[in-house]
Amino acid sequence: MLDLAVPILNAPMGGVAGGKLAAAVSRAGGLGMIGMGSSATSSALGRELPHVRGLPFGIGLIGWRVRDEPRLLHAALEAEPTLLSVSFGDDFSWVDAAHDAHALTATQVADLGQARRAEDAGVDVLVARGAEGGGHGQPRFPLEELLAQILDHTAAPVLAAGGIASAHALSRVLDAGAAGAWIGTAFAVCTESLLTDAARAQLIAAHAADTITTRAFDVAFGYPWPADTPERVLRNSFTDRYDGRESEIDAETTADLHTAIARDDYRLAPINAGQGVGDVTASVDARTVVARLTNS
């Protein structure tokens, strides 16, 4: 459907997957995705688009963010992406708009019911996001179990997402019947990502057991993520103090968190990471990551 040389898309990680990373993944034979996250704006998207000019690329948006800023969807479609992904919402009106703009569509799903609703709404590609995945998601099932549910009961192509950061993990989901993989953490450390060097170093040093799902950062920032959609991040002093005690977060706490982010102080600042983070051992370019994942 996407005519890719390798069955890989980088996850559209907000604040991480900008135009440079998307372009590098597309040039390596996959489909590069630009991610617009919790604080996305149409102007922020516009700054990333020049990097992918002349290349196939995709854009990933958040459903509630599109609801709050409809211009973001219009800007995404005006960019003429190969693939538009909108996840974390029950409104599928964007699907017809994307098809009218000649874009294929994708959305993340966490269970069979969501997969069926998306397919009934005309979504072209389903992204089965397992509980192992970094960033936001509904951690209902491990990826292997989720794939088994969805692949047996839907006709749309399914991309596997969650903890895929090695050639073995990629091979396993393809053998299970996935059409490809939606990979985040392995690309987050790439030299083309928007992460700081300090954040990349934290990911490279981390192991699967160092991740945690939490709502603490969303509460601190005031983001309207639903309670059933936490994010998987690297555990740090902030999550140790406030995970499960979000009611204790006050204005001073939030101010301290913003200061930590400005200073690249990851004792407090958040870094999204999936459980495949232990397979991430160096900061290299996206082409090298694709070659490692495909043993080529």
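## Exercises on loops, glycine contacts and aromatic pairs

Asp264 lies in the loop between α13 (251–262) and α14 (286–294), where helices (H or I, at least four residues) and strands (E, at least two) are DSSP runs numbered from the N terminus. The model is predicted, so local features need pLDDT of at least 70 and side-chain atom pairs count only at pLDDT 80 or more, while totals for chains, interfaces and linings use all residues. Residues are numbered from 1 along each chain as its sequence is written, and side-chain values use heavy atoms, with hydrogens and water left out.

**Exercise 1.** Locate Gly162, decide whether it is buried or exposed, and list its contacts.

*Solution.* Gly162 sits in the loop between β8 (158–161) and α8 (167–176). Its relative accessibility is 12%, so Gly162 counts as buried. Leaving aside neighbours within four places in sequence, Gly162 is in contact (heavy atoms within 4.5 Å) with Gly130, Glu132, Gly133, Leu143 and Trp182. Finally, the C-alpha atoms of Gly162 and Gly274 are separated by 6.5 Å, although these residues are 112 residues apart along the chain.

**Exercise 2.** Classify the ring pair of Phe88 and Trp225, and state which parts of the chain it links.

*Solution.* Rings of Phe, Tyr and Trp (its six-membered ring) pair if their centres lie within 6.5 Å; planes under 30 degrees apart count as stacked, over 60 as edge-to-face and the rest as tilted. By this rule there are five aromatic pairs. In one of them, the ring centres of Phe88 and Trp225 are 5.1 Å apart and the planes stand at 75°, so the pair is edge-to-face. This pair links distant parts of the chain, 137 residues apart: Phe88 is in the loop between β4 and α5 (93–100), and Trp225 in the loop between α11 (216–221) and β11 (231–234). As for accessibility, Phe88 is partly exposed at 25%, whereas Trp225 is buried at 5%. Trp64, Phe88 and Trp225 form one aromatic cluster.

Methods:
Buried means under 20% relative accessible area, exposed over 50%, partly exposed in between (1.4 Å probe, protein chains only).
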